[in-house]
Amino acid sequence: MKGIKISSHKNLSENTFTIYNKPKYIYIPLIVGTDTDLTVLVKKDDYVCKGEMVARSKGKFSIPLHASVSGTVIGFEDKLYHNGTMIKSIVIENDFKERIEEKQNNVNTISSYSKEEFLETLKNAGILGMGGAGFPTYIKYETNGPIKTLVINAVECEPYITADDSLGVQKAGEILETIDAILEIFHIEKAIIAVKKNHKKLIHAFQKNIGTYVKIELKMVPDRYPMGWERLLVETVTGKTYQNLPIEVGVVVNNVSTIYAIYEALKYHKPLIERIVTITGDMIKHPTNVLVKVGTSIHEVIEFIGGMKRNKDIICIAGGPMMGVTLPNDEVIVTADMNALVVLKQQEEEIEHTCMRCGKCVQVCPAQIEPVLIKDAYQEKEALKTLNVNRCCECGLCSYICPAKIKVREYVRKAKETLRKDDPNERLS
Amino acid sequence: MKDYHNLIGPFQKSKNKTSTMMKHVLIALIPIIIFSFYKNGIVPYQHHLVDIWGLWYPIIFIAIGPIVTCLVELIAARFFLHKKNNDLKDYMQHSYAILPGLFLSLILPIHTPISVLIFGVCMATIIGKLVYGGFGNNIFNPALIGRLFVITTYATVIASKGGYLNSYELDTISKATPLSNVSTIEGIGSYETLVSPYGNLWNFFTGMIPGAVGETSALLCLVAFFYLTFQKVIKWRIPVFYIGTVWILTMLIGWLNGLGIWYPTFQILSGGLFFGAIFMATDPVTSPVSKNAQILDGIFLGILTVVFRYFTSYPEGVLTSILTMNMLVFVVEKIGLQCKQKDKRLVIIAVILVIMGFVAYQAGRLYQNHGESKDSNFEVINVKKVENQVIYTVSQKGNGGPITCEVTIQNDKIIKIEVIDHNETPNYYGLVENQHYIEQLIKEQDNLSELDTVSGATISSTALKKLAINTLQEYEESYEK
Amino acid sequence: MKTIQNGIINENPVFVLLLGLCSTLAITTRFENAYVMGICVTVVLIVSNFIISCIHKLIPTSVKTPVYIIIIATLVTILELLLQYYAKDIYDVFGIYLPLIVVNCIILGRALAVASKQNIWKSTLDGIGIGIGYTLALMAVATVREVLGNNTITFMDSLSTLTGYRSMYRVFPENNFIPMQFLVSPAGAFLVVGILMAIFNAIRRGGKHESN
């Protein structure tokens with residue numbers, strides 16, 4: 001059995017979400033994935049409508065960024081992005097009018113889109129992977145080979161995060177409708193929704209509506225981390241293994257929140273301008289999931305839901321505690337690929353002891369590589385070539401389980417650096 | 001707000017700690033220590049073979065090992081590594097010096113003099129551990145290094161003080177440890193010759209047989225194994241495949257010689273195999289980390305142990321196999337990595353099966369011819385015919401060299417055996433004389449193979465017995481055609 | 001004077017330069033063997049260094065090594081014949097290790113490194129220093145091996161045919177001390193040389209780290 005059970009702390013934030021949609025200022029960080037070289041389509045003092053494209057990336061994929069409110073561009077500022085660095089951002093002052101460019105009619109049957117129209121809509125709406133990966137969704141569907149299975153990732157294996165869960169509970173009907181539409185548009189044989197077997201409310205929400213959909217199956221996966229990792233999920237749910245991308249075995253994996261964003265894009269022509277963020281942790285007074293507009297500063301949202309228990313001796317983590325990044329303060333901007341902010345008590349720095357080669361990291365690794373051997377050879381390129389370093393998904397289980405408290409994942413990251421150093425074109429799988 | 005930028009995650013950690021794992025190992029050893037106290041202290045005391053000092057001696061013996069190890073490490077840390085105060089305390093807490101010392105005490109014979117034990121402990125700590133850089137960096141199992149030094153240097157001293165047998169066993173059991181007994185048996189042996197002198201197989205399983213201080217009880221080792229596997233502290237594949245391989249190979253060997261299932265069970269329950277497999281081979285620092293490599297490690301250990309037990313007369317099979325595989329861990333890891341690919345896996349499995357089959361076949365065949373061939377330790381020096389008597393001057397290899405005797409046969413029966421020359425240790429030979437063993441030989445010459453040997457002088461008396469058997473056989477072949 | 005000291009401590013052939021280990025391990029089972037071997041090697045070293053430093057300018061570079069070997073072999077053969085006549089017992093004890101002095105890395109090594117580069121006086125001094133260092137090292141190893149491994153120390157036994165004097169002692173009382181016989185075996189030799197090397201270098205460096 002791959003992966004292990006870790007404490008999930010998901011009971012802190014219930015299966016519901018509140019809405020915070022009146023931010024005074026919206027900040028759009030000019031970054032798509034790791035690419036900060038974008039074409040900016042607005043300048044200071046421009047008026048923008050809600051949903052208007054304000055920037056797009058250069059190059060083949062051309063991913064757009066949209067304004068999530070209507071208002072005036074008052075300038076550019078460096079704001080904290082969820083990878084921990086300061087990124088130049090467009091600052092828009094909200095006029096609270098929610099004005100959109102032109103009203104379009106809702107589409108009645110979203111399965112009436114053709115393949116090309118579907119891809120075009122997704123591309124223009126800027127739909128990307130909302131589970132944290134941020135990969136542009138339309139590229140997954142832009143394939144010549146046939147898609148045999150659509151896997152919907154509603155697992156959300158990171159501790160503390162309940163964003164997908166709360167959305168799924170509320171909007172199960174719409175999500176199922178969208179899945180059915182995608183199955184029709186792309187002639188996919190079946191869809192599997194993967195849910196953790198202990199998320200009772202979510203299972204119930206889907207089961208209530210799933211009866212009419214013959215091709216959609218609800219599969220329950222064990223409560224283990226990192227079950228939401230694409231490779232492990234595809235193997236658990238379909239039994240297939242692949243080299244680099246799931247499309248090799250005819251599988252497309254989408255996060256359940258992304259599916260809902262696709263729904264809104266197909267039905268209401270709405271670009272990706274809002275999402276649910278889980279704000280939780282031991283140091284938050286009332287942990288909740290909040291539906292916010294993309295570009296809101298988390299600081300306001302925390303104030304909105306009741307604030308923190310105390311301001312000192314805390315750490316703010318963007319994402320979950322296993323794979324997240326610490327931030328210098330809580331004024332981070334919500335972007336489409338940020339799903340949570342976890343505020344924990346400051347932990348004591350643990351001293352690393354000598355590795356006793358107990359082999360626990362090897363036992364828990366979901367990618368089935370040997371972190372301890374990589375740690376021993378992290379500077380030797382030749383030795384690393386036999387150790388499959390690039391299969392590592394950086395889930396953090398090796399550092400989690402180590403009894404000597406060695407930061408094993410960091411060594412694997414350094415090993416990846418070593419391999420990449422002389423080979424800038426080497427592909428990371 | 002403080003700047004906590006760039007702390008390294010993950011921020012949720014398991015509660016595992018190295019010290020917890022070591023604690024579990026110590027807890028698993030407690031029943032074994034108590035049993036050793038019972039077997040080597042209480043039982044002899046109950047039979048009034050030792051005084052109160054002898055009652056508590058096993059506990060003291062077991063305690064000295066870890067205490068001296070800690071002292072040696074403390075001295076090394078303080079004076080050679082120049083660690084002070086908190087640094088020193090942290091170093092000592094994390095060097096886990098207790099375990100090698102404890103293991104070493106448990107695998108030495110009870111009659112090891114305390115000075116030799118201390119010597120062994122120093123060698124184990126210094127050459128087995130500190131020279132490589134302390135805890136976590138050693139290549140060889142330190143306890144086994146200590147035992148290696150003690151056995152190579154002081155084997156005769158320990159043997160002369162009684163060796164592995166404690167006072168009770170010296171009194172009741174007339175032979176040496178089960179594996180030394182095997183080496184005195186001609187051919188592959190039978191249930192009566194291999195197992196019966198010590199009771200039955202249940203005695204082997206519970207551990208009431210001669211052996212080192214703590215390594216005899218397979219039952220308690222199994223209990224410890226299940227406890228440690230449940231606590232996820234031990235690399236369980238290694239002992240499972242080690243013991244399994246030895247069982248399969250010895251079963252094949254026994255089957256080739258027509259022996260039943262008791263034979264492989266006897267083999268795995270003797271020689272301290274369970275203790276070695278469960279505690280020594282699974283020492284985390286000196287064993288492989290990946291799953292396939294652990295399986296291979298276990299299998300190779302099993303093959304090596306069987307090779308050492310059958311093809312050599314070297315007594316320390318388990319110790320040498322574990323030390324050899326310690327040396328080869330990096331090779332096994334590499335092979336284990338290759339094992340992940342399906343086609344290479346099949347090749348490796350095929351090679352292993354071929355090796356195992358080969359070893360089993362050769363070992364089995366060793367004994368099939370043995371019955372017919374002559375004893376190579378027996379030599380006929382002279383034959384003299386005087387009237388109706390035939391006087392043989394023969395020699396048989398004893399403990400210290402050949403024992404030369406003059407055997408007079410009249411009317412197809414031995415009537416006199418006169419020992420002309422021997423190199424046996426006077427103490428032992430005196431026992432033979434006291435028991436009037438030669439008279440017993442002449443009296444029981446029709447049933448010589450059933451005759452008991454003299455307890456405490458096993459090898460000398462066995463030599464005399466074999467001398468009589470071989471002389472009779474020689475006489476039969478020459479004169480009764 | 002400094003050259004001699006250098007040969008004993010900083011460039012001790014056995015413990016620092018790790019040359020001539022073959023004979024070190026094999027010969028040091030008795031103290032007497034050790035110092036006699038040391039003297040033999042020293043004599044050959046001094047004479048060969050002297051000769052080679054005298055004539056090295058006359059030898060073309062392409063035939064350097066064979067010529068040095070011829071010189072050393074000649075010296076060793078002379079030594080062998082002398083020992084065979086005057087001290088037959090030692091000759092028998094040394095066995096093959098006497099002719100092996102020819103290829104003892106110390107002599108050829110110093111010839112190539114020092115004798116062919118320095119002047120006559122320095123080369124000879126170097127020979128003396130290295131020779132003394134080698135002898136002292138061998139004596140140290142032999143002492144440990146013989147005293148702890150055999151409980152005796154032999155100052156003069158096989159040479160008694162030459163000097164007519166015999167001197168062998170038992171070191172520790174027999175009842176209290178059991179000799180560790182594995183030290184007399186080759187495995188023990190490696191162990192003793194290793195440990196003495198570690199101690200020697202630790203004292204020499206005085207705790208400072210030195211890159212190799």
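This is a predicted model: local features need pLDDT of at least 70, side-chain atom pairs count only at pLDDT 80 or more; totals for chains, interfaces and linings use all residues.
Residues are numbered from 1 along each chain as its sequence is written, with chains lettered from A and ligands numbered from 1 in the order in which they are written. The model scores ipTM 0.85 and pTM 0.82.

Now for the other contact. Two pairs of chains touch, and A and B have the most contacts. Chain A puts in 37 residues here and chain B 28 residues. Strand E15 (314-318), strand E16 (325-327), helix H10 (371-376) and helix H12 (397-401) of chain A each bring at least two residues to the side that touches chain B. Helices (H or I, at least four residues) and strands (E, at least two) are DSSP runs, numbered from the N terminus. H12(A) gives the largest share of that side, three residues. Sorted by class, the side of chain A that touches chain B has 19 nonpolar, 13 polar and five charged residues. Chains A and C, on the other hand, do not touch, and their nearest C-alpha atoms are 21 Å apart.

Chain A itself has 13 helices and 17 strands. Its radius of gyration is 22 Å, which agrees with the value near 22 Å for a compact globule of 429 residues; the radius is taken over C-alpha atoms, and the globule rule is 2.2 Å times the number of residues to the power 0.38. The C-alpha trace of chain A spans about 65 × 50 × 45 Å along its principal axes. Of its 429 residues, 52% are buried, that is, 20 or more other C-beta atoms lie within 10 Å of a residue's own, with C-beta atoms placed from the backbone (exposed means 12 or fewer, and partly exposed is in between).

In chain B, helix H6 (residues 142-160) is worth a look. H6(B) has 19 residues and reaches 26 Å from its first C-alpha to its last, close to the 27 Å expected, where the expected span is 1.5 Å times one less than the number of residues. H6(B) bends by about 80° at Tyr154(B), the bend being the angle between axes fitted to the seven residues ending there and the seven starting there. Among the buried residues of H6(B) are Leu144(B), Phe149(B) and Tyr154(B). The buried residues of this helix pack against helices H4 (98-107), H5 (114-128), H14 (273-280) and H16 (317-327) of chain B. Just after H6(B), Gly162(B) takes a positive phi of about 130°.

Back to chain C, which has nine helices and two strands. Its radius of gyration is 18 Å, close to the 17 Å that the globule rule gives for 212 residues, so chain C is as compact as a globular protein of that length. Buried residues make up 37% of chain C. The mean pLDDT of chain C is 84, pLDDT being the predictor's confidence in each residue, from 0 to 100. Within chain C, confidence is lowest in helix H8 (residues 160-163), at a mean of 66, and highest in helix H4 (residues 64-86), at 90.

Key:
Two residues are in contact if their C-beta atoms, placed from the backbone, lie within 7 Å. Ala, Val, Leu, Ile, Met, Phe, Trp, Tyr, Cys and Pro count as nonpolar, Asp, Glu, Lys and Arg as charged, and the others, Gly among them, as polar.
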